[in-house]
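Please open the structure in a viewer and keep the selection tool at hand. The tour below visits helix pairs and then pockets.

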Amino acid sequence: MSGNNKENSVPDEVRRYKDNPDGYFDAEEFFNIADWFETELQLEKVFEVLNKGLATYPHDMSLALESIRMYTVAGDFKHAEKLVVSMQKSGMLKSASDELAVKVMAVRIHAEKGCMAEIDKDIRSFHKWVEGVSGKEAVSSANIIASVLFQCALYDETEQFMNRCLKLFPNEISFMETLIECYIKEERDFKHAIKICEKAIDIDPYNANLWHKLGYLHHFDGNNAEAIKAFDYATSINDGKKESWQAMGNCLFEAGNNEKAAQCLIKAIDNEEPDIQLLIKIGNMLNYSKRYADARTYFGKALDIDADNAEALYGYGMSYFMNIDNDANAANLALFWFRRAVNEDDGDALYWSTLGDCCFLLEMWWHSVTAHTKSLDIKPEQPEVLARLGFSYIMFGEYEEAVSCLMSARKYNSKLAIVSMYLAIAYTEMNDEKNAKYYLMQALSEDPSLEKVYAEYGHDNSKILKQVKQLL
């Protein structure tokens with residue numbers, strides 16, 4: 001059935017050509033047949049058809065230009081150049097427009113070959129080429145040449161060409177836009193690009209695309225506030241401009257305004273084909289804004305697309321974990337989602353450490369040891385994780401393991417006061433009064449509030465604490 005549908009979609013002239021390649025076809029039919037074979041990636045057939053077409057209609061401009069284009073696309077520059085020379089000598093170029101069309105094709109060949117001297121000559125000669133053609137034709141040809149140069153990553157040449165074109169057509173916005181794209185690609189001279197963009201906006205102040213470009217230029221130039229203003233203008237002109245909403249959301253996120261950033265990104269969602277990464281990003285921003293229920297809505301939408309997405313599962317868990325102080329059941333709910341996240345991606349150190357932290361808060365000491373150990377296997381230099389692993393070992397009665405972890409934590413961050421407190425507790429349990437005093441003094445001198453940790457552990461009345469407090 002699908003084969004029949006495909007056959008029905010074949011144009012009539014193509015079917016006729018397949019049945020009788022030597023039959024009669026007019027020039028336009030030859031062009032259409034070649035075009036169809038190109039879409040089917042049958043390049044040998046394309047050249048076969050074009051050669052037959054040119055043999056039948058040797059002075060047809062469309063077939064000749066298409067042949068040059070196809071030889072250039074195929075990398076057969078020799079044949080392409082031969083055709084250009086042949087057209088220029090044959091007398092088939094009846095008008096300035098015909099001459100211009102062939103010269104544009106010559107530029108394409110020079111660009112694809114990387115003939116810099118020829119390209120430079122083409123650029124300098126362009127103003128002579130466009131004599132005798134309409135402004136519309138000149139602009140169209142210039143944009144084609146610029147597009148070819150740009151696609152070949154010849155950004156300096158594109159810039160040089162556009163500047164020459166702007167001397168001919170100083171108010172042509174399409175030239176200014178291409179010039180701006182060159183600056184963006186080369187990641188330089190954004191201030192000059194901003195001036196060009198502002199000039200274009202002066203000519204066409206209600207052009208949302210120009211305001212969008214201006215926003216990006218300000219962003220690249222490190223001016224987030226101006227970037228946000230420009231994106232805001234773009235969306236005020238075109239409320240449906242999703243890329244501007246998304247760009248503004250990203251800028252607001254960088255500025256630390258998570259709630260407004262989320263509002264912008266929500267506007268950027270394509271309801272027909274929502275981007276799962278965008279949904280997750282919105283969820284994360286809503287988490288940072290303490291709008292946990294709203295965050296779950298967007299993580300849920302992401303999971304509707306991919307039920308096993310580890311980022312969305314982790315974010316869903318974080319929406320509970322970040323709200324533990326206000327929800328007695330939040331830690332258990334977070335635990336469920338974190339376990340699902342590590343089940344889908346067991347190579348992420350953060351997922352394991354957060355799962356370990358959840359177990360730590362729930363006093364599931366052995367699970368805390370397992371999860372934190374997994375995190376450290378992936379990323380060893382995590383002093384906070386080592387600290388919690390050390391305390392978990394204390395609670396499990398493995399004091400030597402605890403000291404080993406805590407000493408490693410001190411190596412990575414000697415200023416982390418909680419590590420000294422945990423060491424004091426471990427040495428107290430090991431009846432090593434000398435080391436217990438030393439680390440307790442270290443901890444309390446760095447953070448006096450940690451006395452509460454020592455007290456809650458059950459040693460608030462110990463002689464060690466009293467002696468240390470006297471010394472402090």
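A crossing of two helices is called left-handed if the near helix is turned anticlockwise from the far one by less than a right angle, and right-handed if clockwise. Helices here are DSSP runs (H or I, at least four residues), numbered from the N terminus. The model is predicted, so local features need pLDDT of at least 70 and side-chain atom pairs count only at pLDDT 80 or more, while totals for chains, interfaces and linings use all residues. Residues are numbered from 1 along each chain as its sequence is written, and side-chain values use heavy atoms, with hydrogens and water left out.

**First stop: α9 and α10**

Select residues 135-151, helix α9, and residues 155-168, helix α10; their axes come within 8 Å and cross at roughly 165°. Axes are lines fitted to C-alpha atoms, for helices over the stretch in contact, and angles run from 0 to 180 degrees between N-to-C directions. The two helices are therefore roughly antiparallel, a term for angles over 145 degrees. Their crossing is left-handed. Next, display A142, I145, A146, L149 and F150 of α9, which meet Y155, E157, T158, F161, M162 and C165 of α10; contact means heavy atoms within 4.5 Å. By class, this contact holds nine nonpolar residues, one polar and one charged. Nonpolar covers Ala, Val, Leu, Ile, Met, Phe, Trp, Tyr, Cys and Pro, charged covers Asp, Glu, Lys and Arg, and polar covers the others, Gly among them.

**Second stop: α19 and α20**

Move to α19 and to helix α20 at residues 330-344, whose axes come within 8 Å and cross at roughly 165°. The crossing of α19 and α20 is left-handed. Residues of α19 in the contact include L313, Y314 and F321, and those of α20 include W337, F338 and R340. The contact of α19 with α20 comprises 13 nonpolar, one polar and two charged residues.

Select F360, L361, E363, W365, F391, M395, Y422, V453, E456 and Y457, the lining of the largest pocket. A pocket is an open set of points on a 1 Å grid over the protein atoms alone where a 1.4 Å probe fits, with protein on both sides within 12 Å along at least five of seven lines; lining residues have an atom within 4 Å of a point. Which helix gives the most to this lining? It is α27, with three residues.

**Last stop: the second largest pocket**

Finally, select the lining of the second largest pocket, which includes I280, N284, E311, Y314, D348 and Y351. Helices α17 (276-288), α19 (310-321) and α21 each supply at least two residues of this lining.

How values were computed: Parallel < 35°, antiparallel > 145°, perpendicular 65-115°, else oblique.
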